[in-house]
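Here is a quick tour of one structure for someone who likes to think in atoms and distances. Have the viewer open and follow along.

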Amino acid sequence: MRVAIQGTRGSFSEAAARQQWADAEVVACREVGDVVKAVREGRADTGCLAIENSLVGSITPTYDLLQEAFGDSKLYLNREILLPVHHAILGVRDGSLSQIRRVLSHPVALGQCRSWLSQHLPEAELVSSWDTAGSAEIVGRENDPAQAAICAAHASQAYGLKVFEDRIEDDPTNQTRFLTFGSERPATSSTVPQKTSLIVWLDHRPGMLAAALQAFAARGVNLTSLQSRPERSAPWTYRFYFDVEGATEDPRLAEALEGIEALAARIVILGSYQAWQHEGKTASPAVMAPPQQRPKPNLPLFDRAQRSEGTVVRVGSVEIGSGRPVIIAGPCSVESAEMILETAKAVASAGADLLRGGAFKPRTSPYDFQGLGTKGLKFLAEAREHTGLPIVTEVMSWEEVPLVARYADMLQIGARNMQNFALLRAAGRSGRPILLKRNGGATIEEWLHAAEYVLAHGNDQVVLCERGIRTFERATRHTLDLNAVALVRERTHLPVIADPSHAAGMRSIVPSLAMAALAAGAHGVIVEVHPDPDHALSDGAQSLDLTTFARLAEKIRSGEPRTAAL
Ligand code: PEP
Ligand code: MN
């Protein structure tokens, strides 16, 4: 294997090449551009270039070169190499550290030894050179006891120098990432983890970079690096370098790339290649995950026959779907830190299992209170700290799933979003239990198939919530469909709870409906509770005050026998 490197004998690029191909024949090149030339002209089989250092970051000449060299000709990345990098300071054989006035090295290496240099040689002039080993060569040739080089300790033999001190890098975990490339497209492997690198040019408009990132995120493609470089011909505009897990053949990545191609002004795919594998580390599951199109199971995953004993959903230490009815309580919206804490303390001492409260609110009118957003999530988390109650809160869009999942123990998908399929898919991947409300206009079949999306995306922790459907009746906000509660228990193994508050829209009948739902077989209830319902910012009319809720909770806890089923 003839490997072209930037640098000379004893350089880290050589060490990287040899780490991969022990008997590599090294073609030493002065500039990064010469490495590409050597491969293009057939003087080397592979080029090997440093792209990033774990201490100092991007090696920008390589990024710029990738753009220039790969943009218009057929070169392909084929491998990633991670090399542990330890630096030594070298000088002439009979010299000593105290004589050093000038230190030569590659600027990236000088950057990696900044602390050591300022501590031990604060007065020394730091001189940038083209290569670490190349500086050792100069120090050896000029034989000046006032000069030292920073490079690998093993370069001392090649240039007749002495190691003054080894391992002077600022952090012992220091390592450099190299990429290798050739003029042939490598075969991608389905057993070794792959990475893909690409460059994207985006129009200078709000949301363009976010849209490109979302193309990956929506398909569960993991991003490992994102860099930007200035576009020389257009000041203050940038091109973006993405590294993602997976190969272009991976259906999910292929789909994401298709989306980005349609979005971007220009895209260059630098190639898919073997990701570096640490010893003992196996392929990450993200790379191997099945494609989007799922094989249809013989029976829907929600079907009772899939798990006749029933599913128990766990939220913290709370079990939903076991014998004991679960009580979820809290305000419609989180209105302030004090208000959610007061409510949380009251419902906790009344016997609630979970705290509810909306931070992102789906409101019928855009002029109504829309929730406190992220602040609301933080207030909920504080209330959990004080009371120990796990929290359930609504997430309205798939983009916000990671944010809400960071704070919430359970994610609520509201009635209006029951068939938001991107959200259901993201909920499936979220790793959090899901409370899936029934849309007021949805059939039981549609509701169960919405749950199927979450199940099919790998999450069996789904609780169904009946919250009233739209009927001809206008005396109440909606009609609590107890048929559905009883029937869904027959049709699915998933737990089902009822939300009498949104069904009724008036607080006076909420306790009766709650008891009726439990009698129909609901595994629990979710009830809106507010310290001052008449002044609530949302859904006050249907919210119980703290005392009424405490009476309801007591009734539920003492209610034996609970279900009317024979
Ligand atoms: C809520 O829980 O406050 C809510 C908005 O519910 P739904 O989605 O059932 O209307
Ligand atoms: Mn509400």
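How are the donor residues of the manganese ion (ligand 2) spaced in sequence? The pattern is C-x169-H-x25-E-x10-D.

## Before we dig in

This is a predicted model, in which local features need pLDDT of at least 70, side-chain atom pairs count only at pLDDT 80 or more, and totals for chains, interfaces and linings use all residues. Residues are numbered from 1 along each chain as its sequence is written, chains are lettered from A and ligands numbered from 1 in the order in which they are written, and side-chain values use heavy atoms, with hydrogens and water left out.

## The manganese site

Back to the metal. Four atoms are listed as donors to the manganese ion (ligand 2): Cys 332 (SG), His 502 (NE2), Glu 528 (OE) and Asp 539 (OD), at 2.1 to 2.4 Å. Donors here are N, O and S atoms within 2.8 Å of the metal (3.2 Å for Na, K and Ca), and water is not among the atoms, so sites may look incomplete.

His 502 sits in helix α17 (residues 500-504) and Glu 528 in strand β25 (residues 524-528), so this pair ties together parts that are 26 residues apart in sequence. Helices (H or I, at least four residues) and strands (E, at least two) are DSSP runs, numbered from the N terminus. Both His 502 and Glu 528 are buried, where buried means under 20% relative accessible area, exposed over 50%, and partly exposed in between (1.4 Å probe, protein chains only). Asp 539, for its part, belongs to the loop between β25 and α19 (546-558), and its phi is positive, near 55°, though the residue is not a glycine.

## Around ligand 1

Glu 528 turns up again here: one of its side-chain N or O atoms is 3.3 Å from an oxygen atom of ligand 1.

How many residues surround ligand 1? There are 13, and the closest are Arg 356, Lys 361, Gln 412, Ala 415 and Arg 467; to be near, a residue needs a heavy atom within 4 Å. By class, the shell has three nonpolar, three polar and seven charged residues. (Ala, Val, Leu, Ile, Met, Phe, Trp, Tyr, Cys and Pro count as nonpolar, Asp, Glu, Lys and Arg as charged, and the others, Gly among them, as polar.)

Ser 105 is in strand β7 (residues 102-105) and counts as buried because its relative accessibility is 0%. A polar atom of the Ser 105 side chain lies 2.7 Å from the backbone oxygen of Ile 150. Beyond four places in sequence, the contacts of Ser 105 (heavy atoms within 4.5 Å) include Leu 110, Val 127 and Thr 132.

Ile 150 also shows up among the contacts of Ala 88, along with Val 163 and Arg 167. Ala 88 is found in strand β6 (residues 88-92) and is buried, with a relative accessible area of 0%. Lys 195, in strand β12 (residues 194-201), is buried too, at 13% relative accessibility. Its side chain is joined to that of Glu 80 by a polar contact of 2.6 Å (a pair of N or O atoms within 3.5 Å; within protein, one must be able to donate a hydrogen and the other to accept it, and residues adjacent in sequence count only if both atoms are side-chain atoms).

## Out in the loops

Arg 167 is in the loop between β10 (161-166) and β11 (175-182). Is Arg 167 buried or exposed? It is exposed, with a relative accessible area of 53%, and it has a positive phi of about 55° without being a glycine.

Thr 188 belongs to the loop between β11 and β12 and counts as partly exposed at 32% relative accessibility. Its contacts beyond four places in sequence are Gln 194, Ala 247, Glu 249 and Ser 272. Thr 188 and Gly 388 are 200 residues apart along the chain, with 49 Å between their C-alpha atoms.
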